[in-house]
Amino acid sequence: MARVKPATGGTTGSGGPSGRRRGIFGVVRKRLLQLLLVLVLLPPVLTVIYSVVPPVSTLMIGRYVQFLWVDRQWVPLEEISPNLIRSVITSEDSGFCENDGVEWDALQDQVEALSEGEKPRGASTITMQTAKNLFLWGERSYIRKGLELPLALMLDAILSKKRILEIYLNIAEWGEGIFGAEAAAQAWFGKSAKDLTRTEAARLATALPNPRGRNPAKPGSGHRKLAGTNLARVQGAGPIFGCVLGK
């Protein structure tokens with residue numbers, strides 16, 4: 001009996017147009033899942049690396065890509081003046097040693113303010129700012145703020161408080177192309193970060209919210225007032241620096 005040759009060239013088989021479309025969609029979906037997995041795993045992997053390797057911020061990377069000038073001189077925390085450490089913690093995150101990377105009460109207050117039509121005022125901790133500088137972008141948005149929370153919790157879980165502060169003080173922006181405490185101290189006061197006085201440290205700390213608009217060497221009246229308030233708060237802060245200064 002003669003065999004009947006199967007029909008070929010149909011439009012519904014695995015080799016037809018619909019089959020090819022399914023194949024393309026399958027490949028795209030696979031690649032998207034792989035990309036998502038990389039995006040999820042990359043921050044913790046980098047954080048483990050950053051526990052021993054000096055990192056750079058996304059803003060610094062952006063400037064490198066654009067061939068813009070960057071001044072950053074990494075120094076260990078022990079070579080940064082305790083005056084600056086105290087002033088930055090007091091100014092940016094007085095609960096740094098106690099929180100888990102997020103100030104939940106402050107965050108709730110800002111969410112309530114937003115729901116009442118008021119303008120929220122940040123509520124970022126030092127750890128959240130470090131997460132933003134390491135992994136996210138600079139422009140403010142609710143998406144970025146939402147991403148900061150899990151990244152800050154991750155940083156706090158993997159790194160010590162000393163290392164988080166050390167990273168922050170070495171990647172924070174203190175002027176156009178000026179990153180880190182050492183570069184800032186050299187640029188604004190012509191000295192090493194370990195030699196900063198209380199007044200100089202207060203001016204640098206209170207310049208952080210607006211690093212390109214405030215000149216620590218020649219502060220305006222408003223900046224001077226902020227620095228004076230910072231000095232007074234540092235004096236009355238009590239033992240809030242124990243996790244990094246040991247006292």
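At 7% relative accessibility, Arg63 is classed as buried (buried is under 20% relative accessible area, exposed over 50%, and partly exposed in between, with a 1.4 Å probe and protein chains only). The model is predicted, so that local features require pLDDT of at least 70 and side-chain atom pairs pLDDT 80 or more, while totals for chains, interfaces and linings use all residues. Residues are numbered from 1 along each chain as its sequence is written, and side-chain values use heavy atoms, with hydrogens and water left out.

Arg63 forms a salt bridge with Glu176, and the closest N and O atoms of the pair are 2.7 Å apart (a salt bridge is a side-chain nitrogen of Lys or Arg within 4 Å of a carboxyl oxygen of Asp or Glu). The pair links distant parts of the chain, with Arg63 in helix α2 and Glu176 in the loop between α7 (161–171) and β2 (178–179), 113 residues apart. Helices (H or I, at least four residues) and strands (E, at least two) are DSSP runs numbered from the N terminus. Glu176 is partly exposed, with a relative accessible area of 43%.

A salt bridge also connects the side chains of Glu176 and Arg212, at 3.1 Å from N to O. Arg212 lies in the loop between α9 (198–205) and α10 (221–235) and Glu176 in the loop between α7 and β2, so this pair ties together parts that are 36 residues apart in sequence. Arg212 is partly exposed, at a relative accessible area of 48%. Through salt bridges that share partners, Arg63, Glu173, Glu176 and Arg212 are joined into one network.

The salt bridge count comes to eight. One of the salt bridges is formed by the side chains of Arg144 and Glu148, with an N to O distance of 2.9 Å. These residues are four positions apart in helix α6 (residues 142–158), so about one helical turn separates Arg144 from Glu148. Arg144 is buried at 6% relative accessibility, and Glu148 is buried with a relative accessible area of 1%.

The structure holds one disulfide, a disulfide being a pair of cysteine sulfur atoms within 2.5 Å. Cys97 is joined to Cys243 with an S to S distance of 2.0 Å. The torsion about the S-S bond is about -70°, so the disulfide is left-handed. Cys97 is located in the loop between α3 (82–92) and α4 (104–115), and Cys243 in helix α11 (residues 242–245), so the bond ties together parts that are 146 residues apart in sequence. Cys97 is buried, with a relative accessible area of 18%, whereas Cys243 is partly exposed, with a relative accessible area of 24%.

The aromatic pair count is one. Rings of Phe, Tyr and Trp (its six-membered ring) pair if their centres lie within 6.5 Å; planes under 30 degrees apart count as stacked, over 60 as edge-to-face and the rest as tilted. Tyr50 and Phe135 form the stacked pair, at 6.5 Å centre to centre and with 25° between the planes. Tyr50 in helix α1 and Phe135 in helix α5 (residues 126–135) are 85 residues apart, and the pair links distant parts of the chain. Tyr50 is buried at 12% relative accessibility, and Phe135 is buried at 18%.

Helix α1 (residues 17–50) also contains Ile49, which is partly exposed at 39% relative accessibility. Ile49 belongs to a nonpolar surface patch of about 820 Å², made together with Leu33, Leu36, Leu37, Val40, Leu41, Val45, Val52 and Val53. Patches are made of residues with over 30% relative accessible area and no salt bridge; like charges are joined within 9 Å, and nonpolar side chains (Val, Leu, Ile, Met, Phe, Trp, Tyr) within 5 Å.

Phe67 has a positive phi of about 60° although it is not a glycine. This residue is placed in the loop between α2 (58–65) and β1 (71–72). Phe67 is exposed, with a relative accessible area of 80%.

Of the 247 residues, 41% are buried. Among contacts with a separation of 6 or more, 68% are between residues 24 or more positions apart, where contact means heavy atoms within 4.5 Å. The accessible surface of the chain is about 14200 Å², and 59% of this surface belongs to carbon and sulfur atoms. Accessible areas come from the Shrake-Rupley method with a 1.4 Å probe, and for residues only the protein chains shown count as cover.
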